[in-house]
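Open the model and keep the residue numbering at hand.

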Amino acid sequence: MKFISLTVAAFLLGLVAGETHDHDHNITRVGCPTDDSIRQECYDAVTPPLPICLGSTAAEWVAKAIDSSTRCCGDDLTECKCPVKEGVMFKEKIGPFCDAVQNYCMPEGSPNLRGGMMK
């Protein structure tokens with residue numbers, strides 16, 4: 001019984017956070033703007049949870065992520081505008097964010113954030 005209660009609580013917390021997982025384990029931001037032209041992996045990486053996601057369209061979140069990745073991905077963070085760029089949480093999360101933006105959000109032929117060109 002305790003297991004069922006914990007499972008229900010975890011599910012409800014996921015809904016409160018505005019995030020569920022579909023049958024393919026993709027993140028679905030319930031109530032957030034979507035755009036079928038955006039790859040799911042890109043959307044999952046750059047769309048913030050409710051209610052923050054309501055402040056922009058899905059395409060605008062992608063554009064913001066690409067813009068910030070040019071300043072905050074790589075070794076030189078002098079142009080990065082993130083106020084917590086020196087913090088431990090930033091350093092833990094920025095790598096996966098940069099990889100996702102690079103691999104799933106950048107248009108073909110874009111400069112690679114770590115040098116070279118996208119294929």
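A polar atom of the Lys-85 side chain lies 3.1 Å from the backbone oxygen of Cys-80. That is within the limit for a polar contact, a pair of N or O atoms within 3.5 Å; within protein, one must be able to donate a hydrogen and the other to accept it, and residues adjacent in sequence count only if both atoms are side-chain atoms. The model is predicted: local features need pLDDT of at least 70, side-chain atom pairs count only at pLDDT 80 or more, and totals for chains, interfaces and linings use all residues. Residues are numbered from 1 along each chain as its sequence is written, and side-chain values use heavy atoms, with hydrogens and water left out.

Where does Lys-85 sit? Lys-85 is in the loop between helix 3 and helix 4. Helices here are DSSP runs (H or I, at least four residues), as are strands (E, at least two), and both are numbered from the N terminus. Lys-85 is buried but has no salt bridge. Buried means under 20% relative accessible area, exposed over 50%, and partly exposed in between (1.4 Å probe, protein chains only). A salt bridge needs a side-chain nitrogen of Lys or Arg within 4 Å of a carboxyl oxygen of Asp or Glu. For Lys-85, the nearest side chain of opposite charge is Glu-86, 5.2 Å away. For charge, Lys and Arg count as positive and Asp and Glu as negative; His and the chain ends are not counted.

Now look at what surrounds this lysine. Not counting residues up to four places away in sequence, Lys-85 touches Leu-77, Thr-78, Cys-80, Phe-90 and Lys-91. Contact means heavy atoms within 4.5 Å. Cys-72 is buried, at 9% relative accessible area. Leaving aside neighbours within four places in sequence, Cys-72 contacts Leu-77, Cys-80, Lys-81, Phe-90, Ile-94 and Cys-98.

Glu-86 does pair, but with another lysine. The side chains of Glu-86 and Lys-91 meet in a salt bridge (3.9 Å, N to O). Glu-86 is exposed, at 58% relative accessibility. Side chains of opposite charge can pair when their charged atoms come close.

How many salt bridges are there by this rule? The count comes to three. One of them joins Asp-67 and Arg-71, with the closest N and O atoms 2.9 Å apart. Both residues lie in helix 3, four residues apart, about one turn of the helix. Asp-67 is partly exposed at 41%, whereas Arg-71 is buried at 17%. Another joins Glu-41 and Arg-39, whose closest N and O atoms are 3.7 Å apart. Here Glu-41 is partly exposed at 36% relative accessible area, and Arg-39 is partly exposed at 44%.

Next, the core. A nonpolar core is a set of buried Ala, Val, Leu, Ile, Met, Phe, Trp, Tyr and Cys residues joined through side-chain atoms within 4.5 Å. The largest has 21 residues, and Val-46, Phe-97 and Val-101 touch the most other members. Helix 2, helix 3 and helix 4 (88–105) are the elements that give two or more residues to this core. Helix 4 gives the most, with six. Take Val-101: not counting residues up to four places away in sequence, Val-101 touches Val-46, Ala-65, Ile-66, Ser-69 and Met-106.

Two further sites deserve a stop. Most peptide bonds are trans. The bond joining Leu-50 and Pro-51 is cis, with omega about -5°. Pro-51 belongs to the loop between helix 2 (40–46) and helix 3 (58–72). Ala-59 is in helix 3 and is partly exposed, at 38% relative accessible area. Not counting residues up to four places away in sequence, Ala-59 touches Asp-35 and Ile-38. The C-alpha atoms of Ala-59 and Asp-36 are 10.0 Å apart, and these residues are 23 apart along the chain.

Finally, zoom out. The protein has four helices and two strands, running α-β-β-α-α-α from the N terminus. Buried residues make up 31% of its 119 residues. Among contacts between residues at least 6 apart in sequence, 29% join residues at least 24 apart. The protein exposes about 8,100 Å², of which carbon and sulfur atoms supply 62%. Accessible areas come from the Shrake-Rupley method with a 1.4 Å probe; for residues, only the protein chains shown count as cover.
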